[in-house]
Amino acid sequence: MSKPKWKTQVFGLSAAMMATLPLAQASEVVPGELLVKLRPGAEKAFFQDQKSVNTYQVEPIHLSYGDIYLMRFDEKSDVESLAHDLTSDPRVEFAEPNFIYSIVRPVKALSIDDILGTPSISKENAYTPNDPKFSRLWGLHNTGNNEPRGTKGVNGVDVNAMKAWEITKGSKDIKIAVIDTGIDYRHPDLKNNMWVNIAERDGKPGVDDDGNGYIDDIHGYDFANNDGDPMDGNSHGTHCAGTIGATHNNNIGVAGVMGKVSLVGVKFLTDSGSGSSAHAIKAIDYATKIGVDIMSNSWGGGGASQALKEAIERASDAGIIFTAAAGNSSTNNDNRPHYPSNYDVENIISVAAHTAQDTLASFSCYGKKSVHIVAPGHNILSTVKNGGYSIFSGTSMATPHVSGVIGLLLAKEGRISHAEMRERVMMTSIPVPSYRGKTIKGGRIDAYNLLTDTRPARKEPNPNGWRTIVLPTPFESVHPYTNNETLEKQYTFAGAQYIRVKVKKYDTEPRYDVISISGKNRTLSESISGQGQDYVTEFVEGDTVNIKFTSDRSVNKWGFIIEEVEVQ
C-alpha cells in the first residue's frame with residue numbers, strides 16, 4: 001500500500017501552534033494512525049467515549065512526559081476528519097498524523113574500492129592517528145589532495161581537528177546518541193567507543209536490570225523493533241557514528257572527530273531507512289532518560305509535529321544539544337522548512353554541508369535565518385555495517401562532524417547554555433563568502449576555534465549605509481531567453497567596499513538557469529534561480545561585482561532584468 005500524503009501537516013492543531021510550525025510540503029504519514037495529546041486532567045477513558053467505530057487500538061507513547069497516545073484505526077479511515085473531530089473536543093490539546101521520517105539519504109554511496117590511493121599526511125602536528133585510512137578523511141585534515149575520490153580540494157578546508165586534538169581528543173564521559181538506523185556496535189573501529197550499560201551487560205537476559213524501563217539495552221535501544229538490540233542493518237547510522245567516534249590509533253580503518261566518546265545506538269529508523277513520529281519520540285525520550293549529552297540526528301522529511309517538537313524541548317530542558325541535518329533537497333529552509341532541523345527549539349543546531357573545495361554542496365539545504373553552521377558533507381569516508389567502510393555524501397555526513405566537534409568542547413569545558421553554545425559555534429566559525437546568506441553567520445565549523453573561543457573577524461557592511469546607483473543601461477536577458485545562453489557583466493565602482501545587486505525581476509528554470517553574483521576574485525557570493533522580484537542579493541567585498549547568467553539546453557522562461565546596484 002502506498003504511503004498517503006498529508007495535505008497540511010498542521011491540520012487539527014490550534015492557531016497558536018500553527019503559528020509556531022511553518023508549513024512544509026505535503027508529507028508521508030502512517031495510514032490510519034493519529035497522535036493525540038490529552039489536556040491535563042483528561043483520562044484515558046476519553047477514548048472509550050469516541051464514536052469512531054473503526055478505532056481498534058490506543059497505545060500510550062510516554063505517559064511520564066504527558067498523556068500522548070497513538071490511536072490506530074482501519075487504514076481506510078479518513079484520519080484528517082478524525083483529527084478535526086478530536087481536536088474540537090475540549091479534552092484534547094492536539095491531534096496529528098503519525099508522520100514518516102527517513103534518513104537524509106546519502107547523495108552518493110561508494111565502496112572502499114572507489115578510494116584513489118593513500119596520500120601521505122605531513123607530521124607538522126604532534127598528534128596524527130595511525131589509522132591507515134585517516135589520510136583520506138579530508139573533513140578532519142584537508143591537504144588539498146586527499147579527497148577520497150581524488151578531486152582536488154583546498155588545503156585547510158576542514159574542521160581543524162588536528163589542531164584541536166592538541167587540546168583534547170574527547171572523553172568517554174561524553175555520551176552521544178546517534179538517533180538513526182542503529183550502530184554496528186561490533187565494528188572493530190567502533191566497539192571500544194560504544195556506551196555500555198553495565199547493569200544490563202552483567203545482568204540477566206530478558207530482565208530490566210537497571211530499572212530504566214528498557215530490557216537488555218546494553219548499547220542502546222531499537223524502537224523500530226521494540227527490543228534492546230540497536231544493530232544497524234542499513235549502514236547510515238554506523239557511518240554517522242564513525243565520523244563522530246571511530247577509535248584512534250588502533251591501526252584499523254578511519255578515525256573519528258573524537259578519539260574517546262561513548263556512542264549510544266538509538267534506532268528508530270528501520271533497515272530500509274524510515275520511521276514514524278511515534279518511534280522518533282520514544283527514541284528521543286529514551287536518550288533524554290539515560291542522560292546523553294548530545295543527540296545527533298541525520299534524518300527528517302516528515303511534517304511539523306507538535307508531539308515531536310515537545311520531545312525535543314524535553315531534551316532541551318535536560319541540557320542536551322540536538323544537532324540536525326538541514327536536508328539534501330537544495331532548497332531554502334527559510335521558505336520550505338525541513339523538520340526536525342527547522343523547529344524553533346533552543347538546543348537545535350541545524351547543519352548544512354560543504355565540499356573539500358570550500359563550496360556549499362550542490363544538494364545541501366540552506367537558510368539565512370534557519371541554518372546555523374556548515375560542515376564537511378561531500379565524499380565522506382566512514383564506517384558501515386558488517387565492519388566495512390564506504391563513502392557517503394549528504395548533510396547526514398555533515399551533522400556528525402558537528403556533533404563530534406561539540407563533543408570535544410563538552411569534554412574540555414562541560415555543558416554550557418544552549419544560547420551560548422549556538423552563539424559560540426557560529427561566531428567561532430570560519431567566515432566564507434560562498435556561505436554568506438546560506439547560514440545565519442555564513443561560516444564553516446572550526447574545532448580549534450570553538451575550543452579556544454577564537455572569533456575570526458567578520459567584515460560586514462553597515463545595514464543602513466547602502467547607496468543606490470542606477471546602471472547606465474539595464475543588464476537583462478532577452479524575454480524569453482535562449483538555450484545554452486551565457487551573459488556576463490562586470491561593474492566597478494571606485495572606492496566601494498561592498499556591493500550588492502538589486503534584481504528587479506527574474507523568472508528562470510529553478511536550479512538549471514542561474515544568475516551568479518561574485519566579486520573581483522570570482523568567489524561566488526550567491527546563485528539565484530526560480531522566480532522573484534525586487535530581490536536584493538548578498539554583498540560582495542571590494543569595488544567590483546560580476547553578474548553572470550547561464551541557461552541549459554531546455555526550458556526557456558522569461559529571464560531577468562537588473563537596473564540598480566547598491567554600494568557603500
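Lys-37 and Glu-310 are both buried. These two residues form a salt bridge, with 2.8 Å between the closest N and O atoms. The model is predicted. It has 10 helices and 28 strands, and buried residues account for 58% of its 568 residues.

**Overall**

- The accessible surface of the protein is about 22400 Å², and carbon and sulfur atoms contribute 48% of that area.
- Of the contacts between residues at least 6 apart in sequence, 75% join residues at least 24 apart.

**Salt bridges**

- The structure holds 26 salt bridges.
- Arg-436 and Glu-541 form another salt bridge, with the closest N and O atoms 3.1 Å apart.
- Because Arg-436 lies in the loop between β18 and β19 and Glu-541 in strand β26 (residues 540–541), this pair ties together parts that are 105 residues apart in sequence.
- Arg-436 is buried at 14% relative accessible area, whereas Glu-541 is partly exposed at 34%.
- Lys-412 and Glu-413 meet through their side chains in a salt bridge of 3.1 Å, N to O.
- Lys-412 is partly exposed, with a relative accessible area of 39%, and Glu-413 is also partly exposed, at 36%.
- Lys-412 and Glu-413 are part of a network of salt bridges that also links Glu-423, Arg-424, Asp-453 and Arg-455.

**Nonpolar cores**

- The largest nonpolar core has 59 residues, of which Leu-263, Ile-349, Ile-406 and Met-421 touch the most other members.
- Helix α8 (residues 395–413) gives the most to this core, with 8 residues.
- Apart from this core lies another one of 43 residues, including Leu-269, Ile-290, Ala-307 and Ala-324.
- Leaving aside residues up to four places away in sequence, the contacts of Ile-349 include Ile-321, Phe-322, Thr-323, Ala-324, Val-402, Ile-406 and Met-421.
- His-372, Ile-373, Arg-422 and Val-425 are also among the residues that Ile-349 touches.

**Aromatic contacts**

- There are 16 aromatic pairs.
- One of these joins Tyr-339 and Tyr-343 in a tilted arrangement, at 4.8 Å centre to centre and with 35° between the planes.
- Tyr-339 counts as buried because its relative accessibility is 1%, under the 20% cut-off.
- Tyr-343 likewise counts as buried, at 3% relative accessibility.
- Tyr-214, Tyr-221, Phe-223 and Tyr-286 form one aromatic cluster.
- Lys-163 lies over the face of Tyr-448, 4.3 Å from the ring centre.
- Lys-505 lies over the face of Trp-558, also at 4.3 Å from the ring centre.

**Lys-438**

- Lys-438 is located in the loop between β18 (430–431) and β19 (443–444).
- Its relative accessible area is 12%, so Lys-438 is buried.
- Lys-438 and Ser-364 are 74 residues apart along the chain, and their C-alpha atoms are separated by 9.9 Å.
- Not counting residues up to four places away in sequence, Lys-438 touches Leu-360, Tyr-366, Gly-367, Lys-368, Val-371 and Ser-527.

Methods
Residues numbered from 1 in each chain as written. Predicted model: local features only at pLDDT ≥ 70, side-chain atom pairs only at ≥ 80, totals over all residues. Heavy atoms only, no water. Phe/Tyr/Trp six-rings, centres within 6.5 Å; stacked < 30°, edge-to-face > 60°. Buried < 20%, exposed > 50% of the residue type's maximum accessible area, 1.4 Å probe, protein only. Lys NZ or Arg CZ within 6 Å of the ring centre and 35° of its normal. Helix = DSSP H or I, 4+ residues; strand = E, 2+ residues; numbered from the N terminus. Contact = heavy atoms within 4.5 Å. Areas by Shrake-Rupley, 256 points an atom, 1.4 Å probe, with all protein chains shown as cover. Core = buried A, V, L, I, M, F, W, Y, C linked by side-chain atoms within 4.5 Å. Salt bridge = Lys/Arg side-chain N within 4 Å of Asp/Glu carboxyl O.
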